[in-house]
Amino acid sequence: VAEELSVERRQGVSLATIMMRRGACARELGQAMGISLIEEGGVSRAGRTILVGTGPGTWLAVSDAAEGGLDLALRSRLDGLASISDQSSGYVLFRLSGPHARKLLQRGAPIDLDPRVFGPGSAATTVIAHIGVIIWQADEAGRVFDVAVFRSFADSFADWLQSVTVAASS
Amino acid sequence: MVMDDGTTTRLGQDHYYVTTTTANAARVMQHIDYARQVLWPGLDVQATSVTEQWSTYAVAGPHSRALLQQAFPDVDISNEALPYMGALEFSWNGSTARIFRLSFSGEMAYEVSVPAALGDKAVRMLFEVGETFGAVPYGTEALGVMRIEKGHPAGNELNGQTTAADLGMARMMSKKKDFIGRVMAARPGLTDPDRPRLVGLKPVDAAGILRAGSHLVRAGAEPVASNDEGYVTSSAFSPTLGHSIALGLLKGGENRIGETVTVHDPLRGGDVAAIVCSPVFVDPEGVRVRG
């Protein structure tokens, strides 16, 4: 099973919440970012930054660019269009990879993760083991999923992962 | 009604940072979202919980400024640059850090915030620098005693039945501007001068022990429900004063300073005579926090 599922806590990732200002629209935000921004939820990519839809007019920006200051960069780029808050320390990002990653998440998430409805670029805000999570499919093939968990819940989430992985292997 | 207590810092023209009590953070966030989504959907206001983003450490005591000045030599935290209730933002280890000059303990005090990933590093550094100042960690028991000495209301007083006026904070409510709770606060039942108001209590005999939960009756009155005029919300032994002190909610409280009342405790035995006083037992002029 070890080869079939790997779990890592992603390091060196910058995070920020983007909340649209009143009167602005997703199209304007997308234009300012130079991308076509998905408003309904889901993952939009802008270079090394992705925007994960977490609610009406709100996104979690995730950047693996080494240099920090994601919040400052977004603040100047989206000036007047959105309010930005640094969350780089706010969440821990778990990356689950392998052919069983989807099945494992489905054991905890009370939403449908079937590839027909949760495919490339899909994202959802839900709960696993009573812990609030943001989940998105991070590849095309459906073998890599990222899960954002509030920092203080990360160890509890890891405990859940441990227990459910063991259960799956036995 | 008072829902919670905390501080609000204005970080920019349209950027605010709000803190709450630990237990109520989620409820306050929920209420802010309710207010901006349901009550005032037309307002251009966005709110995000950053509770998990920041690690915050209180540095309190007469040496707190000197300690922080040594910990952050590039930042001017003199009284002029950072007066009481001021705040400043600066870069530390490549990240944004903040210092708020706030005091819950009543001592000269600051709150240092760094991104949570740097929290461990920050607190170790503060204790390292603090060694020459004799810095020690202080816990919630010490904080609880100090806040009672200062008459700062906390969970026991913010029980969902008290108004800002009951807690002696009527002056903090604007007479000119609107705010959440303004209409309710003016209702006759909530402005009745006979409402239970926050007072301090000290035993007539310094050896007397005031216990939380005790009921307050007029001196000489029979301790029965019909004579009940309030109760003790918080109590502690004050190391500063050397005797028991308490906060309580007493009918018509602020007009009864100097009166002797009976603190009645039918469960743990004995009545204690206590003098009604200001809830601020230590440093009422706030000299320490402004030093």
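**Rings and the A–B interface**

Six aromatic pairs turn up over all chains when the whole structure is searched. This is a predicted model, where local features need pLDDT of at least 70, side-chain atom pairs count only at pLDDT 80 or more, and totals for chains, interfaces and linings use all residues. Residues are numbered from 1 along each chain as its sequence is written, chains are lettered from A and ligands numbered from 1 in the order written, and side-chain values use heavy atoms, with hydrogens and water left out.

Rings of Phe, Tyr and Trp (its six-membered ring) pair if their centres lie within 6.5 Å; planes under 30 degrees apart are stacked, over 60 edge-to-face, the rest tilted.

Start with chain A. A:Phe94 and A:Phe157 form a tilted pair, 4.9 Å centre to centre, with 55 degrees between the planes. Both are buried, meaning under 20% relative accessible area (1.4 Å probe, protein chains only). Ring pairs also bring in A:Trp160, making a cluster with A:Phe94 and A:Phe157.

Now chain B. B:Tyr17 and B:Phe100 have ring centres 5.3 Å apart and planes at 15 degrees, so this pair is stacked. Both residues are buried.

Next, the interface. 16 residues of chain A contact 16 residues of chain B, contact being heavy atoms within 4.5 Å. Which residue forms a salt bridge with A:Arg21? B:Asp44 does, with the closest N and O atoms 2.7 Å apart.

Conventions. Buried < 20%, exposed > 50% of the residue type's maximum accessible area, 1.4 Å probe, protein only. Salt bridge = Lys/Arg side-chain N within 4 Å of Asp/Glu carboxyl O.
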